[in-house]
Structures are given as C-alpha cells and as structure tokens.
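My entries follow in the order in which I made them.

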Amino acid sequence: MTKLFLATENGLIVVNKDSAQWEELLSNPVTAVAVQGQTILAGSRQGLYLSLDEGQSWQRVGEDAGINHIRWLAFDPHQSDVALAGSEPAAIHISLNGGKRWEERPEVADLRDRFSWFLPYSPEAGCIRGFATSEKRLYAAVEVGGLLSSVNGGASWRL
C-alpha cells in the first residue's frame, strides 16, 4: 500500500493511496517529515519525534542534543541507520541508529557564526533547508549561506 505523509500546521497526516483515506498521526504542528520503512521522523518548532511503528506510538528524541526548530529531515538511502535533521538556527544533527540518538555537528554552527547566516525575516537565524545524498557524500542546503558537503557519511561538514 502506497502512503503519502504530509507535514502540516495541523499535524502529521498520512494518506493511503489505495483507499484515499487519511489519518492524523500527530495533532501538533509539524514542519518536516521523513519516512523509512516503519520508521517516521516528524520535526516541529519544539523538536523531533520518532515512531518505530508507522505512527502508532511516538517518543520525543534529540532533546539532549539541543534539537529545536526542525526545518528539514532525511534518511540516507545509502546508509540505512543514518538520519539527518536540519534546524533553525542553521545546524545539522545526525543519528547513526535510525533516529533514536542524535548529535550536533559543531562545525556547522561554527560556519553559521563565522559567516553570519541569516534569514530576511529572522536575523541571525539561517537554517538548513534540504539534504541530498550520493553514497558516502552528503549535501545540505543552507538558507542563506550556501552548500555544505560531507565526504565521510556526515561525520564532518565543510562549506
């Protein structure tokens, strides 16, 4: 069964293609979603949520890593347990165990501070707006700042 997951101001919605039925999985506003198998990551302005059972149950994750306003989420299709979270202000968090535990990549915050990344509507709060992958090479789009790349599976990043 094909499913479409939608991050909305009203929550996380899943639509089943075959039945055209929709279901609300989370009722709080969701800013980003990533799905891999039965694992769902849902980002919000308050942090990150993880479901390992297609949205039947949820747990808050990433609090110890300081994850707040999530702007983009992705699973790396080349590394099954690697998940990425982009936030505002611009930061990249990486999970090496499918979203259960997260750590921030400190060099991204250093670049953000050095180059004064910002958003026109939110001074000094640039953000990560997208991820792309190619085997061990990862890319992150920075609004407003440029393109970050990692040649070692997300362990370190450079502008």
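I began in E3, where I found Trp22 as the bridge partner of Val15. This is a predicted model, in which local features need pLDDT of at least 70 and side-chain atom pairs count only at pLDDT 80 or more, while totals for chains, interfaces and linings use all residues. Residues are numbered from 1 along each chain as its sequence is written, and side-chain values use heavy atoms, with hydrogens and water left out.

I then followed strand E2 (residues 11-16), which five bridges join to E3 in an antiparallel run; strands here are DSSP runs of E with at least two residues, helices are runs of H or I with at least four, both numbered from the N terminus, and two strands pair if DSSP finds at least two bridges between them.

Stepping back, I noted an open sheet of three strands, ordered E1-E2-E3 with antiparallel pairing. Strand E1 (3-8) and strand E3 (21-26) are its edges, each pairing on one side only.

I looked up the radius of gyration, taken over C-alpha atoms, and the chain has 15 Å, which agrees with the value near 15 Å for a compact globule of 159 residues, the rule being 2.2 Å times the number of residues to the power 0.38.

Last, I checked burial (under 20% relative accessible area, with a 1.4 Å probe and protein chains only), and buried residues make up 47% of the 159 residues in the chain.

Key: Buried means under 20% relative accessible area, exposed over 50%, partly exposed in between (1.4 Å probe, protein chains only).
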